[in-house]
Amino acid sequence: MTKIVRQEELIRTDWTLDEVKETYHQPFNDLLFQAHSIHRQYFDPNHVQLSTLLSIKTGACPEDCKYCPQSGRFNTGLQKEKLMRIEAVLEKARQAKGNGATRFCMGAAWRNPSDRDLGEVIEMIKAVKALGLESCVTLGMLTDEQAISLAEAGLDYYNHNIDTSPEFYGDIITTRTFSDRLDTLDSVHRAGINICCGGIVGMGETSMDRTSFLHQLATLPVHPGSVPINLLVKVKGTPLDSVEDLDPLEYVRTVATARILMPRAHVRISAGRMQMSDELHALAYFAGANSIFLGKALLTTPLPEEELDYQLFDRLGIQPEPYDISSDETADTPMFYNAAG
Ligand code: SAM
Ligand code: DTB
Ligand code: SF4
């Protein structure tokens, strides 16, 4: 049976692993009912936020993340590219805005940025913000000073994923540790930048790993404002290219549990949407997903045509979430939406 919870009990960073497991493993209908009920207390259930991604520096990454087509250690046939020029980045940002995106995310295949490269990225952030878009970057590990300079540039979000459970982490990445990731998240948080942090499912992890991963996210000192739940995109040449498919209902369980544990976060159906049916998208939206990447591609792999996303929105009565430049995602006051909106 679904427990009735008082509002003030909902925003918790002290979840126990047992509570997360109970939430995740409860009967599917109970899980969906609980997740959707919480979702409409905090968000308009018929709004989905639209972000667009751009790879501003592609390939030749020194890290060995087994899922990633951009690692220089695997032969994925990817064309590597140097850091893009600001004019080309702005052209893409304008197109993204024209297609309805409100957030523009720039990703670089670095272990960590050099101070010189960071200076160029800072100019890109300022220019993207001047277009009236929310800005997000994902550049790898940062020092405290680098995080502060990004905050001073007005960066809205920094994406840095924990990717999986601490227990499974070493099976996936050996060139950095789980606690390296937490250190960068801490620097970003102390600099006052909103955190975008999630991970990948479908890498051959167990449901124990998925609950442990969700437990880590939901017990960070402050919940991330955005939580990308990536379904592994199996890219030929990566060590995970022939891992077994995840049961799609496990993907929905992950989204629903994230929604329950972190009620104020935007939970994003991130990578993997090419493999998802319309029905799976609809189920994930019902379970509390309220953000997607829209556009031609993620970083190096394709996305569904924008037109198809908009057609599905029409069929589901979903509208793009309006971007209120003065809004604060982590505001304390819950909103209540009934079925009539
Ligand atoms: N290099 C930086 C880093 O690792 O933080 C930023 C870019 S990295 C590509 C950003 C995220 O993309 C990763 O943390 C991972 O979650 C996701 N990602 C990369 N390859 C993926 C794949 N094949 N399928 C799903 N997600 C993937
Ligand atoms: C995130 O969690 N997923 C995005 C974004 N943050 C940077 C990246 C997904 C990459 C998928 C593989 C690719 O296109 O290269
Ligand atoms: Fe490099 Fe990021 Fe890919 Fe890992 S996920 S190989 S750090 S680009």
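The shell around ligand 2 divides into 6 nonpolar residues, 7 polar ones and no charged ones. Please keep in mind that this is a predicted model. In total, 13 residues surround ligand 2. The closest of them are Asn 161, Asn 230, Leu 299, Thr 300 and Thr 301.

Now the polar contacts of ligand 2, one by one. Asn 161 places a polar side-chain atom 2.8 Å from an oxygen atom of the ligand. Leu 299 uses its backbone instead: an N or O atom there lies 3.1 Å from an oxygen atom of ligand 2. Asn 159 has an N or O atom in its side chain, and this atom is 3.3 Å from a nitrogen atom of ligand 2. How much of ligand 2 does the protein bury? Taken alone, ligand 2 exposes 410 Å², and the protein buries 88% of that. As for where it is, ligand 2 sits in the largest cavity.

Next, ligand 1. The space that ligand 1 takes is the largest cavity. There are 17 residues around ligand 1, and Tyr 67, Asn 161, Asp 163, Arg 181 and Val 233 come nearest. By class, the shell around ligand 1 has 11 nonpolar, 4 polar and 2 charged residues.

Which backbone atoms lie close to a nitrogen atom of ligand 1? For Val 233, a backbone N or O atom lies 2.9 Å from a nitrogen atom of the ligand. For Trp 110, a polar backbone atom is 3.2 Å from a nitrogen atom of ligand 1. For Ala 108, the distance from a backbone N or O atom to a nitrogen atom of ligand 1 is 3.3 Å. On its own, ligand 1 has 550 Å² of accessible area, and the protein covers 91% of it.

Then there is ligand 3. Which residues surround ligand 3? They are Cys 61, Glu 63, Cys 65, Tyr 67, Cys 68, Ser 71, Ala 109 and Arg 176. Sorted by class, this shell has 5 nonpolar residues, 1 polar and 2 charged. Tyr 67 is on this list, and Tyr 67 is also among the residues that come nearest to ligand 1. The space taken by ligand 3 is, once again, the largest cavity.

Last topic, the aromatic rings. A pair of aromatic rings is described by two things, the distance of the centres and the angle of the planes. How many aromatic pairs are there? The count comes to 3 aromatic pairs. One of them joins Tyr 169 and Phe 178, with ring centres 5.5 Å apart and planes at 85°, so this pair is edge-to-face. Are these two residues buried or exposed? Tyr 169 counts as buried because its relative accessibility is 3%, and Phe 178 is buried as well, with a relative accessible area of 12%. The cut-off for buried is under 20%. Another pair is Tyr 285 and Phe 313, where the ring centres are 6.1 Å apart. Their planes stand at 70°, and an angle over 60 degrees counts as edge-to-face, so that is the name for this pair too.

Terms used
Residues are numbered from 1 along each chain as its sequence is written. Chains are lettered from A and ligands numbered from 1 in the order in which they are written. This is a predicted model: local features need pLDDT of at least 70, side-chain atom pairs count only at pLDDT 80 or more; totals for chains, interfaces and linings use all residues. Side-chain values use heavy atoms; hydrogens and water are left out. A residue is near a molecule or strand if one of its heavy atoms lies within 4 Å of it. On a 1 Å grid over the protein atoms alone, a cavity is a set of points where a 1.4 Å probe fits but cannot get out, and a pocket is an open set with protein on both sides within 12 Å along at least five of seven lines; lining residues have an atom within 4 Å of a point. A molecule sits in a cavity or pocket if more than half of its atoms lie within 2 Å of its grid points. Ala, Val, Leu, Ile, Met, Phe, Trp, Tyr, Cys and Pro count as nonpolar, Asp, Glu, Lys and Arg as charged, and the others, Gly among them, as polar. A polar contact is a pair of N or O atoms within 3.5 Å; within protein, one must be able to donate a hydrogen and the other to accept it, and residues adjacent in sequence count only if both atoms are side-chain atoms. Accessible areas come from the Shrake-Rupley method with a 1.4 Å probe; for residues, only the protein chains shown count as cover. Rings of Phe, Tyr and Trp (its six-membered ring) pair if their centres lie within 6.5 Å; planes under 30 degrees apart count as stacked, over 60 as edge-to-face and the rest as tilted. Buried means under 20% relative accessible area, exposed over 50%, partly exposed in between (1.4 Å probe, protein chains only).
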